[in-house]
Amino acid sequence: MTDHSADPDTVLFQRYRDPGFARPAQWNATLDVLMAHRSVRRFTDAPVSDETLATLVAAAQSASTSSNLQLWSVVAVRDPARKARLAGFCGNQRHIVEAPLFLVWLADFARLRQLAEDHGKPLDGQDFLEAGVLGCVDAALAAQNAVVAAESLGLGTVYIGAIRNRPEDVVHELALPRYAMPVFGMCVGRPDPSLSFDVKPRLPQRAVLHHETYDLPAQREEVARYEERVNAFYGEQAMAESWVARVLARMASGQSLTGRHRLREAWHNQGYELK
Ligand SMILES: Cc1cc2nc3c(=O)[nH]c(=O)nc-3n(C[C@H](O)[C@H](O)[C@H](O)COP(=O)(O)O)c2cc1C
C-alpha cells in the first residue's frame, strides 16, 4: 500500500505534540489509519450492516492467536433494550445505547472445554492464571484488529472496559456459558459528523521505548513533558484535569476500580481457578 492522504508531520504532531519528532523515512495509508485513531463516543443512527460486521470479525480473526487456540468470541448486540440494560451495567454510558452496534469481546474457554469433554480428555491447564492471560491477550489482539478495520472503513469505535464492572450481570444478560468471560465491550457506528473528535496525544516515546535495558528515573522528565502537552489538549477539549491527576485518581484504591476490585471472584464464578 503506497497511497496516502495525510501529511506524516501533521499526523505525528497530533499524536505527540512534539515539534521535534523526526519525520519518518517511510509512510503509507495503513499508518494513516493507525495514527489517526481516536475513540468516538457520539454516533449517528446509521446501522452497521451484517456484511460490515462480518468484515470486522474477519479482520479480528486475522490477528495472531496463541498456539492457534483462538480463545476468544464476540457477542454482537443491536437490540436497543439489551444495549440499554448493558449500559446500565457499565455506569450508564450513553454511547452504548447510541451506537448501532455494541460488541462484547470474551475470553472464551467454553469451546475448548466442550471439545475436551467430547473427547474425554483433561483440560487442567485451564486452572492456571495463564489461561486467563491467554484469553485476554487473544481477545485484545482480535478486537484491536476490528478497531483498525472499522476505522479504515470510516466507522468509529470506543472500547468499554466498564463491561467488567458487573461481570455476572453481563454473563446473565448474554446467556454466556461457564468459561466465557467478558473482557471489554466496544461501541461501533458512524461518528456524528457535527462533532470533531481529536487525536489524544500520547507519552513521549522516550517514556515507553527502552533500548537494551529499562530506565525508570529518566521517565520523570518525560512524564512532566507529557503533562504539559496533554494539558494543552485537555484545554482545547474543555477538560480541566491533568493527566497525572487523572491516572492517579483512576488507580487510587479498590473503590476507584468501579466494581472491578472483585474481578478474581467473578472469573472464579465463571470456572477459572487462576492458580
Ligand atoms: C480496554 C479499554 C477499555 C476502555 N473503557 C472505556 C470505557 O468504559 N468508556 C469510555 O468512554 N472509554 C473507554 N476506553 C477508551 C479510553 O478512554 C481511550 O482509549 C483513551 O482515553 C485514549 O483515547 P483515544 O482512544 O481517543 O486515543 C477504553 C479503552 C480501552 C483500551
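Mentor: Happy to. In this predicted model, start with helix H3, residues 50-61, and helix H7, residues 129-152. Their axes come within 7 Å and cross at roughly 135 degrees, so H3 and H7 are oblique to each other. As for handedness, the crossing of H3 past H7 is right-handed. Now look at who touches whom: H3 brings Leu 56, Ala 59 and Ala 60, while H7 answers with Ala 142, Asn 145, Ala 146, Ala 149 and Ala 150. Sorted by class, the contact between H3 and H7 holds 7 nonpolar residues and 1 polar residue, with no charged ones.

Helix H10 spans residues 219-236 and helix H11 spans residues 243-250. The axes of H10 and H11 come within 8 Å and cross at roughly 100 degrees, which means that H10 is roughly perpendicular to H11. On the H10 side you will find Val 223, Tyr 226, Glu 227, Val 230, Asn 231 and Tyr 234, and they meet Trp 243, Val 244 and Arg 246 of H11. By class, the H10 and H11 contact has 6 nonpolar, 1 polar and 2 charged residues.

Now step back to the domains. The protein is divided into domain 1 (1-36), domain 2 (39-196) and domain 3 (199-259). Take domain 1 and domain 3, whose C-alpha centres lie 22 Å apart. Domain 1 gives 8 residues to their contact and domain 3 gives 11. Between them, domain 1 and domain 3 bury about 860 Å², with 47% of that on carbon and sulfur atoms. On the domain 1 side, have a look at Arg 15, Tyr 16 and Arg 17: these lose the most area to domain 3, together 70% of what that side buries.

Notes: Residues numbered from 1 in each chain as written. Predicted model: local features only at pLDDT ≥ 70, side-chain atom pairs only at ≥ 80, totals over all residues. Heavy atoms only, no water. Axes fitted to C-alpha atoms, helices over the stretch in contact; angles between N-to-C directions. Helix = DSSP H or I, 4+ residues; strand = E, 2+ residues; numbered from the N terminus. Parallel < 35°, antiparallel > 145°, perpendicular 65-115°, else oblique. Left-handed = near helix turned anticlockwise from the far one by under 90°. Contact = heavy atoms within 4.5 Å. Nonpolar A, V, L, I, M, F, W, Y, C, P; charged D, E, K, R; others polar. Domains from an automatic or database assignment. Buried area = accessible area lost by both parts, 1.4 Å probe.
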